[in-house]
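Subject: Structure handover

Hello,

The structure we spoke about is below, followed by notes on what was found in it. Please read them with the structure open.

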2 protein chains.
Amino acid sequence: MSPRQMARPGGRSARVQEAVHTAVRELLAEVGREALTVPMVAQRAGVTPSTVYRRWGDLAELLSDVAVERLRPDTEPEDRGGLRADLTAWAEQFLDEMASASGRAYVRDALLGDPDGGNAGQCSAYAADQLGLVLARARARGEDTPEVETAMDRLVAPLMYRILFRPSGLTPAYARHLVTDLLGTPDGA
Amino acid sequence: MSPRQMARPGGRSARVQEAVHTAVRELLAEVGREALTVPMVAQRAGVTPSTVYRRWGDLAELLSDVAVERLRPDTEPEDRGGLRADLTAWAEQFLDEMASASGRAYVRDALLGDPDGGNAGQCSAYAADQLGLVLARARARGEDTPEVETAMDRLVAPLMYRILFRPSGLTPAYARHLVTDLLGTPDGA
């Protein structure tokens with residue numbers, strides 16, 4: 001278990017984490033990623049640099065932790081009353097958030113300061129949980145639904161692959177195309 | 001255009017690039033990524049550190065360039081006489097190479113030190129070119145073939161997504177499942 005995982009419980013530990021994360025978010029907005037340093041973050045958070053190094057290892061790991069917090073969905077997927085509409089709305093919003101300049105920076109940060117893969121796995125779990133909710137709602141309505149893993153392969157993976165490797169041409173139409181490819185052409189189309 | 005793109009032509013420039021890339025590959029094997037520094041690379045390559053900084057900006061950009069070179073396929077995809085067999089062999093090999101410890105490290109390096117996205121785009125172009133060859137061969141045989149972009153979305157994207165975000169459970173059987181999902185169940189199965 002990494003030091004930062006052991007440091008997760010409440011009390012002082014939680015307050016330090018909150019102060020340091022807040023300092024990182026503020027400084028990213030004020031000075032940008034290139035200029036950010038651990039001593040700068042520590043000063044803003046009111047802790048010593050060694051507290052930061054002890055807990056996060058280095059700046060990349062700290063940025064990765066902050067990024068995962070920022071990438072956590074803060075609402076349930078919208079319920080539009082049908083699987084196709086729900087998946088389309090979800091995929092368009094996922095693309096919109098992840099393909100933005102800040103979304104891409106957070107995804108890269110999450111991946112890069114993540115030696116044990118825990119943060120990347122957490123990002124993927126967020127997407128799988130959201131899709132799981134959409135699909136469970138559709139099943140409860142009696143709709144035919146693909147498995148979550150199939151939806152991960154057919155929606156999330158191509159969106160994220162293109163965000164990371166081929167960011168041009170990422171449009172809402174592409175997200176809708178992936179939904180059609182997953183569910184088939186709608187009746188009457 | 002970035003400094004390293006301007007430095008690509010032959011002559012002394014090409015010799016410096018070759019020496020520096022070789023030094024990085026040797027030192028990665030000898031001392032590992034964590035211990036690697038620009039002065040160490042420069043000394044091994046017989047150039048000054050400022051030559052390296054001028055040309056590559058920083059260590060991350062240098063590692064990204066070296067990674068892209070390492071990820072370039074050095075052979076054409078194997079011809080097994082049929083699309084399903086060719087795609088299966090290609091997907092299994094792609095997974096084998098990219099999901100290895102060194103493959104994953106190169107993919108992360110390629111993404112990390114790549115502010116303008118050119119190296120990530122190059123990695124993706126390698127895969128698209130290889131799939132394009134496999135699909136063109138199948139078309140020449142008169143087989144029904146998907147588009148390259150569809151094969152990117154259905155094979156490369158899920159493999160790379162899982163390599164980066166969910167490395168457990170990546171097996172040859174998963175690669176074969178993706179091929180079946182792309183081409184449909186084989187006749188007689």
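A salt bridge is counted here when a side-chain nitrogen of Lys or Arg lies within 4 Å of a carboxyl oxygen of Asp or Glu. By that rule the structure holds 32 salt bridges over all chains. In one of them, Arg141(A) pairs with Asp79(A), with 2.9 Å between the closest N and O atoms. Arg141(A) sits in the loop between helix 8 (118-140) and helix 9 (148-165) of chain A, and Asp79(A) in the loop between helix 5 (59-71) and helix 6 (83-98), so the pair ties together parts that are 62 residues apart in sequence.

Some conventions. This is a predicted model, in which local features need pLDDT of at least 70 and side-chain atom pairs count only at pLDDT 80 or more, while totals for chains, interfaces and linings use all residues. Residues are numbered from 1 along each chain as its sequence is written, chains are lettered from A and ligands numbered from 1 in the order in which they are written, and side-chain values use heavy atoms, with hydrogens and water left out.

The chain. Chain A has 10 helices and 0 strands (DSSP runs, numbered from the N terminus: H or I of at least four residues for helices, E of at least two for strands). Its C-alpha trace spans about 65 × 35 × 25 Å along the principal axes.

The record. UniProt, in an unreviewed entry, places "domain: HTH tetR-type" at residues 14-74 of chain A. UniProt positions are given in the numbering used here, feature names are shortened, and annotations may be inferred rather than shown by experiment. In the model that span is 77% helix and 0% strand, and its end C-alpha atoms lie 20 Å apart. For "DNA-binding region", also from an unreviewed entry, UniProt lists residues 37-56 of chain A. Residues 37-56 are 80% helix and 0% strand, with 13 Å between the end C-alpha atoms.

The interface. Contact (heavy atoms within 4.5 Å) takes 26 residues from chain B and 26 residues from chain A. About 2400 Å² is buried between the two chains, 53% of it from carbon and sulfur atoms; buried area is the accessible area (1.4 Å probe) that two parts lose on being put together, summed over both. Asp153(B), Tyr161(B) and Phe165(B) supply 28% of what chain B buries against chain A, more than any other three residues.

Between chain B and chain A there are 8 salt bridges. One of them joins the side chains of Arg166(B) and Glu149(A), at 3.1 Å from N to O. On the side of chain B that touches chain A, helix 7 (101-112), helix 8 (118-140), helix 9 (148-165) and helix 10 (172-183) each supply at least two residues. Helix 9 of chain B gives the most, with 12 residues.

Regards
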